[in-house]
Amino acid sequence: MALLKFSRVGLALAGLVIGSGFCFSLPSFAASALAAWAIRSDGVLELRTTAGARLNAFFQVAGGGKGDRIWIDFPGELSRPRVISGNGPVKEVRLGKPFNGFTRLVVEFQPYISLDPGKMELIGKSPNRWELDFIDFPSQKFLKIGEGEVKKKYRKPSSLFGYRGKTSSYIKLSNLPSVPRGIYRIVIDPGHGGPDPGAVGIGGLRETDVVLDVSLQVAEFLKGKGVNVLLTRKNEIDLDLPPRVAKANNYRAHAFISIHANATQGKRRDINGLETYYYSGFRGLDLAKNIHKEIIKVSFGTPDRGVRRSRFFVIRRTDMPAALVEIGFVTGRIDSRKLRQQSHRKKLAFGIAKGILNYLKGAG
Ligand SMILES: [Zn+2]
């Protein structure tokens, strides 16, 4: 069996990209790095991938009833293995999962085609685009085949997700909107606590730890802006729901924000995202919308599960506009990794504080 690796000029480019400070090592369980592909009518295979993805290309001569074929392996799995019929010299293109964590694109040629693997190169044209010229592709009528948009431009990811062009130094007090000092009273309610850890996710990541950390930081941001803040808990204590509500009502808060992290039953790792809940009234909805908008901005890659209405006790029984924020799934593979990071928690706290301040400004 002649199994040859192409020379991979493209890897040099990938190396450059990694050197410039991005990190593209994809975990084996990620979605496929293959985003789009096409075989042009002049016989050039074009690929668009995740930026900096590491590819492996192979060639096999005809045999066993099959024509010459090349295949390229990409990190990450595709959701739907499929076969696309070719035309002219291309018999068919197959997309499959050769083994866990990888996607394989196979181009099989008609038996009368004979490729020269020594001449073929898979060349990286930009961090997310590749080309492979089937040198001796017969110039005959051939219709381009492909899936997706290969030409889509590569956008350099900003280091502070959601704030294009700005760095993480953006996450600071002076970049939060101002409200009149000493006027507003806000209650921040870190969910669970003490013997109740809340949801426990991947690697033992506990909801109580994450939400307390984020809540304390939200309180600091708000205090820095001259807002009076009452935390329903400041450490790992056991606290029922009714006393949380009573604290907020006694304090005559202008708004109540409960902070939680989500979990799925059965710990489904594929479910990730942000949700913000309100119970009733225009102001509750306005508060929830303002917060949600800001946490989405700081959570690049996390699905937006929307602002929703629910009857959670703490937002139903509080007298003032109230929202409950779910800052991600401790059971989700995207969210849990982020929620573990101090830098991400800080961004979330900044986003929640910004949403609250915007709400206060609007509410007048
Ligand atoms: Zn919770």
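Mentor: One begins with contact: two residues are in contact if their C-beta atoms, placed from the backbone, lie within 7 Å. Please bear in mind that this model is predicted.

Trainee: Which elements do the buried residues of H4 pack against?

Mentor: They pack against strands S14 (255-262), S15 (274-278), S16 (304-309) and S17 (322-329), and against helix H7 (342-363).

Trainee: Which residues of H4 are buried?

Mentor: As a general idea, an α-helix has 3.6 residues a turn, so residues three or four places apart point the same way. In H4 the buried residues are Gly284, Leu287, Ala288, Asn290, Ile291, His292, Glu294, Ile295 and Ile296. The helix covers residues 281-297 and reaches 25 Å from its first C-alpha to its last, close to the expected 24 Å.

Trainee: How many residues has the largest nonpolar core?

Mentor: In soluble globular proteins, nonpolar side chains tend to be buried together. Here the largest nonpolar core has 55 residues, and Ile186, Ile257, Ala323, Ile352 and Ile356 have the most contacts inside it. Helix H7 gives the most to this core, with 9 residues. A second, separate core of 25 residues includes Val93, Leu105, Met120 and Trp130.

Trainee: What does isoleucine 186 touch, leaving aside residues up to four places away in sequence?

Mentor: Its partners are Leu222, Val227, Val229, Ala253, His254, Ala255 and Ile356.

Trainee: In which sense do strands S6 and S7 pair?

Mentor: Strands S6 (residues 82-85) and S7 (residues 90-96) pair in the antiparallel sense over 4 bridges, with valine 83 opposite arginine 94 in S7. Between these strands lie 4 residues, and glycine 88 in this hairpin takes a positive phi near 55°.

Key. Residues numbered from 1 in each chain as written. Predicted model: local features only at pLDDT ≥ 70, side-chain atom pairs only at ≥ 80, totals over all residues. Helix = DSSP H or I, 4+ residues; strand = E, 2+ residues; numbered from the N terminus. Expected span 1.5 Å × (residues − 1). Buried ≥ 20, exposed ≤ 12 C-beta atoms within 10 Å, placed from the backbone. Pairing = 2+ DSSP bridges. Core = buried A, V, L, I, M, F, W, Y, C linked by C-beta atoms within 7 Å.
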